[in-house]
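Subject: Structure handover

Hi,

Here is the structure I promised. Please open it first, then read my notes below.

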Amino acid sequence: VLGTRSLRHEYEEKLELVSLVQSANDELRKLRDLAGPVLSAPSGPWNVYLDQIASSASIDKTSTTLLNEKPGVATDLSKETLIDVQLKHVNIRQVVRYAAGLETGARPVQIKGMTVDAQGDTGYVDATLSLAAFQIKKPE
């Protein structure tokens, strides 16, 4: 009877461990799914990516100008690039769509600042956006 109880107790402990391992695997799978888009984000020149975002915001390619691109802070996990983009003769809806596209796009971009200058009563504006664009370093 005593041997049966100890075997039963050992069996229950092992079932509990199996359950913990399965839940840990489920959590890892969820984290991998969440991090997947960031880790597999497309790479390439920032000007091409910024032009794609502008195009999806219905901004003509001639209205966008990349003013400045310089390296920012580099960490073990990412490399930062500081970029200034100027939008000329666009409406405020296009500026908002462009900003939203940057913040929610496939590549990690953060808007650090924005200035908007109205062009009289025409309904058009000129905008300059200061961006911090990040490239995730591949694990070695």
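D51 and K61 form a salt bridge, with their closest N and O atoms 3.7 Å apart. A salt bridge here is a side-chain nitrogen of Lys or Arg within 4 Å of a carboxyl oxygen of Asp or Glu. This pair links distant parts of the chain: D51 is in helix α2 (residues 46-56), and K61 is in the loop between α2 and β1 (64-74), ten residues apart. D51 is partly exposed, at 25% relative accessible area. K61 is exposed, at 60%. The cut-offs are under 20% for buried and over 50% for exposed, with partly exposed in between (1.4 Å probe, protein chains only).

Please keep in mind that this is a predicted model: local features need pLDDT of at least 70, side-chain atom pairs count only at pLDDT 80 or more, and totals for chains, interfaces and linings use all residues. Residues are numbered from 1 along each chain as its sequence is written, and side-chain values use heavy atoms, leaving out hydrogens and water.

By the salt-bridge rule, the count comes to five. Two of the others sit in helix α1.

- E10 and K14 meet at 3.3 Å, N to O. Both lie in helix α1 (residues 2-39), four residues apart, about one turn of the helix. E10 is partly exposed, at 38% relative accessibility.
- E27 and K30 meet at 4.0 Å, N to O. Both lie in helix α1, three residues apart, again about one turn of the helix. E27 is partly exposed, at 44%. K30 is exposed, at 52%.

Now the whole chain. The protein chain has three helices and four strands. Helices (H or I, at least four residues) and strands (E, at least two) are DSSP runs, numbered from the N terminus. The order from the N terminus is α-α-β-β-α-β-β. The radius of gyration is 25 Å, well over the 14 Å that the globule rule gives for 140 residues, so the protein chain is more spread out than a compact globule. That radius is taken over C-alpha atoms, and the rule is 2.2 Å times the number of residues to the power 0.38. Along the principal axes, the C-alpha atoms fill a box of roughly 95 × 30 × 20 Å.

How much of the protein chain is buried? Of its 140 residues, 24% count as buried.

Best wishes
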